[in-house]
Amino acid sequence: MSAPNIGETPIRTAVVGLGWAARSIWLPRLRRNPAFTVTAAVDPDERGRAAVAEAEGADRLPVLAAVHDLDPAEVDLAVVAVPNHLHCAVAGELLTKGIPVFLEKPVCLTSEEAERLAAAERSGGAVLLAGSAARYRADVRGLYRIAARLGHIRHVELAWVRARGVPDRGGWFTQRSLAGGGALVDLGWHLFDIAVPLLGTAAFRHAIGTVSSDFITQRSSRAAWRGDDGGPALPGATDVEDTARGFLITDDGRSVVLHASWASHEELDTTRVTIDGSGGSATLRCTFGFSPNRLERSTLTRTVDGTTRPVAVPTEPIGTEYDRQLDMLPAQLRDPAGRGRVIEEVRRTIGAIERVYTSARIPREVRESAPV
């Protein structure tokens with residue numbers, strides 16, 4: 001199948017899944033970007049369709065109930081922001097139909113799903129693109145530039161720790177069967193994503209980790225900035241971790257420490273990335289995401305021979321990385337070598353996440369006999 005005619009006219013875009021991410025991140029930005037025109041919205045939930053139809057105007061934006069109703073001849077790109085457990089099925093159907101897909105993280109929940117997406121991409125001849133935007137932040141790009149001057153990278157530490165930020169407590173986000181996991185799948189995917197340019201194609205040889213859920217049932221720990229109602233958690237619905245920690249070693253001997261937390265004892269939501277190389281180290285402190293409970297500004301430092309110096313990073317509005325990623329999409333859609341690229345990264349990421357979860361599982365007999 002030939003590639004869509006991208007670049008000469010606006011990219012005809014369908015938004016699939018009309019939850020918080022679509023309404024708060026993608027629909028407004030797609031509307032503002034002249035490279036795109038939103039031609040359809042899709043959600044099986046009648047309330048979600050009604051809300052978008054009212055906001056957008058049903059006369060100018062068709063709002064559909066199923067991706068089956070999308071015509072590949074009329075859609076150049078589908079932005080998919082459905083709940084995690086539907087990512088593979090929805091994206092797979094679209095790819096098989098020949099519609100390129102821009103899929104919100106996590107791209108998949110298991111290695112088996114990654115292979116199903118790879119097969120769908122090959123079958124339909126369309127490209128799969130991933131929607132994790134952290135690499136497009138100005139401060140992260142500044143960190144990458146410094147990393148290129150640090151010699152051989154030996155060790156990377158990645159942490160995203162929220163003070164309070166459990167999303168949709170009692171909803172699908174905190175149900176393992178629907179979300180695939182907790183903070184590791186949600187925040188950890190972003191952290192693995194920014195590690196890719198630092199580690200290249202290196203695979204993880206070893207991975208161990210631990211998880212905990214000390215904050216997840218506390219009403220005060222909810223992500224109030226998402227508009228979650230903060231009501232009581234549904235019985236039996238909260239079975240994921242709010243915190244995950246991992247230690248990984250690549251097949252070429254580099255080490256990675258990862259810490260992802262939806263909630264903690266901290267005062268502010270903080271993201272921290274440290275790179276140790278043979279020629280020095282660098283540290284970025286900032287806040288990923290949209291939470292207002294954030295550091296006042298990003299700080300970037302470089303340390304060489306015992307001397308630490310600040311490196312200037314530009315200040316940009318919250319969410320600029322998503323605009324920047326959209327700006328890059330037309331070129332990625334045109335790239336003939338793009339097909340399969342995301343899948344290769346996804347295989348490494350989901351494989352590492354699975355191994356951390358496997359390591360973190362504690363046998364029931366040990367759990368029940370452990371002192372409180």
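Helix α7 covers residues 183-199, a run of 17 residues. At 1.5 Å a residue, a helix of this length should span 24 Å. The C-alpha atoms at its ends lie 22 Å apart, which agrees. The model is a predicted one, and these values are computed from it. The helix α7 has a kink of about 35°, centred on Trp 189. Most of α7 is covered, with 16 of its 17 residues buried. Gly 200 follows α7 and has a positive phi, near 65°.

Confidence in the prediction was examined next. The pLDDT of the protein chain averages 91. A score of at least 70 is reached by 92% of the residues. Over residues 364-372, in contrast, the pLDDT is below 50. This stretch has one contact in the model beyond near neighbours in sequence.

Helix α5, residues 138-147, is also well covered. Eight of its ten residues are buried, so α5 is largely enclosed by the rest of the structure. The buried residues include Ala 138, Asp 139, Val 140 and Gly 142. Leu 143, Tyr 144, Ile 146 and Ala 147 are buried as well.

Aromatic contacts come next. The count of aromatic pairs comes to eight. In one of them, the ring centres of Trp 20 and Phe 290 are 5.8 Å apart and the planes meet at 80°. A pair counts as edge-to-face when the planes are over 60 degrees apart, so Trp 20 and Phe 290 form an edge-to-face pair. Trp 20 lies in helix α1 (residues 20-32). Phe 290 lies in the loop between β12 (280-286) and β13 (299-304). The pair therefore ties together parts that are 270 residues apart in sequence. Phe 290 has a relative accessibility of 22% and so counts as partly exposed. Trp 20 and Phe 290 also belong to one aromatic cluster, together with Trp 26, Phe 102 and Tyr 322. Elsewhere, Arg 176 lies over the face of Tyr 357, at 5.3 Å from the ring centre.

Trp 225 also touches both rings of the Trp 20 and Phe 290 pair's residues, being in contact with Trp 20 and Phe 290. Trp 225 is located in the loop between β8 (204-212) and β9 (243-250). Its relative accessibility is 24%, so Trp 225 counts as partly exposed. The C-alpha atoms of Trp 225 and Phe 290 are separated by 8.0 Å, although the two residues are 65 apart along the chain. With a relative accessible area of 35%, Phe 247 is partly exposed. Not counting residues up to four places away in sequence, Phe 247 touches His 206, Ala 207 and Ile 208, and also Ser 255, Val 256 and Val 257.

Two backbone features complete the description. A cis peptide bond joins Lys 105 and Pro 106, with omega about -10°. Pro 106 is in the loop between β5 (101-103) and α4 (111-124). Asp 305 has a positive phi, near 50°, in a residue other than glycine. Asp 305 is in the loop between β13 and β14 (307-311). Its relative accessible area is 79%, so Asp 305 is exposed.

Terms used: Residues numbered from 1 in each chain as written. Predicted model: local features only at pLDDT ≥ 70, side-chain atom pairs only at ≥ 80, totals over all residues. Heavy atoms only, no water. Helix = DSSP H or I, 4+ residues; strand = E, 2+ residues; numbered from the N terminus. Expected span 1.5 Å × (residues − 1). Bend = angle between axes of the 7 residues up to and from the residue. Buried < 20%, exposed > 50% of the residue type's maximum accessible area, 1.4 Å probe, protein only. Phe/Tyr/Trp six-rings, centres within 6.5 Å; stacked < 30°, edge-to-face > 60°. Lys NZ or Arg CZ within 6 Å of the ring centre and 35° of its normal. pLDDT = per-residue confidence, 0-100. Contact = heavy atoms within 4.5 Å.
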